[in-house]
Amino acid sequence: MNNKSSSEIVQSLVLKAKKAQSIFENYNQNQVDEVVTAVAWALCKPSNNKKISNLAVSETGLGNPEDKILKNKRKTLGLLRDLKNIKTVGVINENKKKGIIEIAKPVGIVAAVTPSTNPAATPINNIINALKGRNSIIVSPSPAGSKVFRDLLILINNELKKISVPENLIQTFDCDVTKELTNELMKNVDLVIVTGSLNNVREAAKSGTKAIGVGQGNVTSIVDETADLVDAFKKIKMSKTFDNATSCSSENNLILIEDIYEKAINLLSKENAVLLNKNQKEVLQKNLWIDGKLNRKIIAKSAKFIANELNLKVDEDVQILMVEEDGVGLDYPFSGEKLSPVLTVYRVKNFNDAKELAKKILNYQGIGHSVGVHTKKDERVIELGLDLSVCRVIVNQAHTFATGGSFTNGLPFSLSMGCGTWQKNTIDNNLNYKHFLNITKISNLIPGKEAELKEYFKDYCEKNDPKELKNLE
């Protein structure tokens, strides 16, 4: 640690960040947008993306390079789409009727704590959102992903030099990342963004700094008897196998209505999903969790790798390992998040039972995050939205690609999904540029009319307190 204390290292970064941000906050909108484009190009440039994606898999052992390349490109382009023509400098909104003018201001210095599952895509998303608001940012990557981000930062700075951006606008530690450094950083910035470790989310909440932490996923998808089954299972296969299921938005549990159960299993088998027998399930459970924690040697590996490693006799072209389950909770670990191409399958009698089972799974793990449904009945979609404690209901879509924003839905592109108060998060939507701004509101005088008692209490008093009606005049 260069013989410096955690406090000295952090203070050095913060001082440099303040100097850079004090210059950057004077940029106009066109200059800001050019900086955003430069950062995005640093990862989207095909040669850079390939290099960083290969490095991410070799360093972390998680996912696969081809899907990392697609994820980095798609998530970054999607964010650029969301930010195009968005004002974040000066007056950004004016409501003449209410006499309100809104002016965007930076929050200052942002700290972003990012996970090893997405060592490039998540930092870039945080950086672009932060820069769009004229902030500086210091990234604390997971130790496993630290080399990936340092190399990515070199590429970013190469682009920023071309447009003469202040030095140190984006920084990271030049030493091993430790809990002490991360915790000290969180105490000394203006805003903390945490994606990944629940321990980091808790530490951020205790830091005394405004913190936006996001929650754990454990996505359950319901497929009912009205669904287009061929379409549903193609999407579930694409979603579940993408990047070896490293995403918190990957389907973990599949609830099937009894009437379609056998057909569903057959269709899934055509999508290279194999249903393990009881003995194989026991072997997988014993190895997927070690002392109650997911086994890092197995998670985010391909189904074929896992099967070969555990000597599970399955077809060579297997892409998803399925296990049947009938319980939920600690005694049934397959009902939780698996971060691997392992899909837990439940059979229920009807849609109502499916909804109630989804509630139990959410209450065990993943509450607030999201639920998927494949159906042709709009009323069932609304029912899930009304009755389940989730921030997103993903309808007839490949969940992994849809939850964090898509070119075919209206959710903001993000790799950080808020889960609301259900997981003690400060946000209930996808992290986006608005979270990186302070807004000054100018309030002007407008024509007004004083409220009168009878406007608001006449109907109530007629029903509940009629003797007071005469006093409302």
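User: In this predicted model, a charge sits over a ring if NZ of Lys or CZ of Arg is within 6 Å of the ring centre and within 35 degrees of the ring normal. How far from the ring centre of Tyr 261 is the charged end of Arg 347?

Analyst: The definition asks for a distance within 6 Å. The charged end of Arg 347 sits over the ring of Tyr 261. Its distance from the ring centre is 3.9 Å.

User: Over the ring of which residue does the charged end of Lys 301 sit?

Analyst: For Lys, the atom considered is NZ, which must be within 6 Å of the ring centre. The charged end of Lys 301 is 5.9 Å from the centre of the ring concerned. That ring belongs to Phe 305.

User: How many salt bridges does the count come to?

Analyst: Side chains of opposite charge can pair when their charged atoms come close. A nitrogen of Lys or Arg must lie within 4 Å of a carboxyl oxygen of Asp or Glu. By this rule, the count is 22.

User: Which helix holds Lys 237, the salt-bridge partner of Glu 271?

Analyst: The side chains of Glu 271 and Lys 237 meet in a salt bridge, at 3.6 Å from N to O. The two residues are 34 apart and link distant parts of the chain, with Glu 271 in the loop between α10 and β10. Lys 237 lies in helix α9.

User: Are Glu 271 and Lys 237 buried or exposed?

Analyst: The term buried applies under 20% relative accessible area, and exposed over 50%. Both Glu 271 and Lys 237 are buried.

User: What is the accessibility class of Lys 454, which forms a salt bridge with Glu 473?

Analyst: The closest N and O atoms of Glu 473 and Lys 454 are 3.9 Å apart. Lys 454 is in helix α16, whereas Glu 473 is in the segment after this helix. Glu 473 is exposed because its relative accessibility is 74%. Lys 454, at 38%, is therefore partly exposed.

User: Why does Lys 467 count as exposed?

Analyst: Lys 467 forms a salt bridge with Asp 465, with the closest N and O atoms 2.9 Å apart. Asp 465 is partly exposed, at 23% relative accessibility. Exposed means over 50%, so Lys 467 falls in that class with a relative accessible area of 57%.

User: What is the geometry of the aromatic pair formed by Phe 24 and Tyr 27?

Analyst: The count comes to 4 aromatic pairs. Phe 24 and Tyr 27, both buried, form one of them, 5.0 Å centre to centre. Planes over 60 degrees apart count as edge-to-face. At 70 degrees between the planes, this pair is edge-to-face.

Conventions. Residues numbered from 1 in each chain as written. Predicted model: local features only at pLDDT ≥ 70, side-chain atom pairs only at ≥ 80, totals over all residues. Heavy atoms only, no water. Helix = DSSP H or I, 4+ residues; strand = E, 2+ residues; numbered from the N terminus. Buried < 20%, exposed > 50% of the residue type's maximum accessible area, 1.4 Å probe, protein only. Phe/Tyr/Trp six-rings, centres within 6.5 Å; stacked < 30°, edge-to-face > 60°.
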